Amino acid sequence: MKKLLDEEFLLSWKELYEKCPWATIFQSSEYVLTWYKVYHHEFPPILVIATSRGKLTGLLALNVAKNKIVGAGHFDAEYQTWLSEEVSADAFIKQALTEVCKLYPRHQIELKYVPGNASIKWAKDPQWKHKCVIGVRKSPIMNIKNEGFKLLFKKKDYKVKNSRLNRMGNFRFELITDKNNFATIYDLIATQWDFRQAARYNKNHFDVSDKRRNLKLSLFDKKLLHVSALMLDSKVLATCEAVISPDQICLKGMKSYDPTYANYSLGFVHFLKLGLQMEREGIDLLDLTPGDDPYKDILATDYNQVYELTVTSSTLGYIKSMFRKRVYLFLTRRNINPLTLKLSLIKKLYLLKERFRVMRELGPVQLAKSLLPRSAGKQQETYQLWPATSPPPAPEGIRRDSLDDLLLYRPARAQVSRWEFLEEAMVRFETRQHSYTLAEEGRLLLCVWLGAPGAGPEEAALQDLYCHPDGAGMLQAFLGAVAGEVAATQKCRRVTISADPASNFLSHKLKRTNFMDRRDFEVRGLTTLELTNKTSGSKQH
């Protein structure tokens, strides 16, 4: 890799990049070298170059990723292609791929996505047509000079949500230009992004190392990353990272939002305000990137054509790639989203495995009990919470709406899977519920949800208590502290919590924590009491 430190070589790379009609920012030396610096150990780099009379005429930057070869930047590079002079484009890429195939005969080469103005006619040559599989995709573009962009501001959804946000406080769009500011909010951006990815796709990107953080800060430092935020007073509601080049902004990066504000269409509002910022910066095009997300079609004023290029020396590999292409075409022609279908199948298999895990952990006796039909009259047990006269000290670390804590959920014996837990949490935030959590040593120990407003001014309802076995000893103090906090902030007279009687563990723990079943209140004629302690007998009117 000494070549990458040669100033003369880097200068010739820049000149070739500027001449190549289909080059994107992801093929610039600044972007590629920044990515290589962070990931060169995990994804060994390959650089194929061609020279003529001492002049650089072609360059293909790649990475080895397990059993395949990908374009430099891998999952961070939206466009993966080669650089060459236009007159020698076909000759260079054919020779470059030939050499790579010789060095890595068992590796498949995948370039995703190749810009539509790059020549791929060579892939139909006799030597290549049974090695190359080409998929055609559309890439939506938002041109802020197009009349369609101006019409987006007249949509009712934008006007209503923007107006509601403005009435809540100092709502504004902010461009993040200071590296220290970006570093300060980066952890929040990463957490919001990770929570959404985990809830929707069961994926996590920030658990292992700080590599992505280092990459993003380096790109920002080189002015290759465009970062903006929607702010409400001092609160960050949404953020958007994008890779920037002189003539356009590419939405390749994290797009995050506070899930407690999901009903405000923050993504849609953000993109329109980003368009206004681009107008101020003199940038006309926002590349929404290939994909079937519905919001892209709403924002798009035009579409480009791009390619997925797969090159393989294996007959079996070619057959598999061709089969995947035909399946994709079959589904899209019937208006079936292939990615949505794939995710659905993955999720069903995942949930099936989790059901078997729970069955094994329950054992035959408990499993048989769980399968018995419940009594028709057996409903949720409701307990009335209150601050005790001598409450146990509140445990430190109780947090409201903490995504970091929720991401620490790991199922204990026979508990719901992590994907289901986080997916349900996302739905709860979107329906205006709030979480109270306690986590220690990298584990979520306790969690309870405050229901959406509606129980009336007299009462606040806590629900769906989660208790890890290691958190059982702190349950009483946790619920007491949460109840006190809710009573104070909601200004209500009662705080209740419901538990499923079928959940013997939680019902047993609640009864042992001195919180009285509401039926006991009714039997003893204590329903008008605001607060009572079952063991001490103290009363508060």
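Biologist: In which strand is Y113 found?
Modeller: This is a predicted model, where local features need pLDDT of at least 70 and side-chain atom pairs count only at pLDDT 80 or more, while totals for chains, interfaces and linings use all residues. Residues are numbered from 1 along each chain as its sequence is written, and side-chain values use heavy atoms, leaving out hydrogens and water. Strands (E, at least two residues) and helices (H or I, at least four) are DSSP runs, numbered from the N terminus. The run of residues 108–115 holds Y113, and this is strand β5.

Biologist: Is D233 buried, exposed or partly exposed?
Modeller: D233 is in the loop between β8 (225–232) and β9 (235–245), and its phi is positive, about 55°, although D233 is not a glycine. Buried means under 20% relative accessible area, exposed over 50%, and partly exposed in between (1.4 Å probe, protein chains only). D233 has 41% relative accessibility, so it counts as partly exposed.

Biologist: What is the relative accessible area of N335?
Modeller: N335 lies in the loop between α10 (315–333) and α11 (338–371). N335 is not a glycine, yet its phi is positive at about 55°. N335 is exposed, because its relative accessible area is 76%.

Biologist: Which class of ring pair do Y261 and Y264 form?
Modeller: The structure holds 23 aromatic pairs (Phe, Tyr or Trp rings, using the six-membered ring of Trp, with centres within 6.5 Å; planes under 30 degrees apart are stacked, over 60 edge-to-face, the rest tilted). Y261 and Y264 are both buried. Their ring centres are 5.9 Å apart and their planes stand at 45°, so the pair is tilted.

Biologist: Over the face of which residue does R137 lie?
Modeller: A charge sits over a ring if NZ of Lys or CZ of Arg is within 6 Å of the ring centre and within 35 degrees of the ring normal. R137 is 3.6 Å from the centre of such a ring, and that ring belongs to Y328.

Biologist: How many residues are in the largest nonpolar core?
Modeller: A nonpolar core is a set of buried Ala, Val, Leu, Ile, Met, Phe, Trp, Tyr and Cys residues joined through side-chain atoms within 4.5 Å. In the largest one, the residues with the most contacts inside it include W13, W82 and L309. Another core, of 49 residues, lies apart from it and has C240 and Y257 among its members. The largest core has 75 residues.

Biologist: How far apart in sequence are the parts that E42 and K211 tie together?
Modeller: E42 and K211 form a salt bridge (a side-chain nitrogen of Lys or Arg within 4 Å of a carboxyl oxygen of Asp or Glu), their closest N and O atoms being 3.3 Å apart. E42 is in the loop between α2 (29–39) and β1 (45–52) and K211 is in helix α7 (residues 211–221), so the parts they tie together are separated in sequence by 169 residues.

Biologist: In which helix is D187?
Modeller: D187 forms a salt bridge with R213, and the closest N and O atoms are 2.7 Å apart. The pair links distant parts of the chain, 26 residues apart, with R213 in helix α7 and D187 in helix α6.
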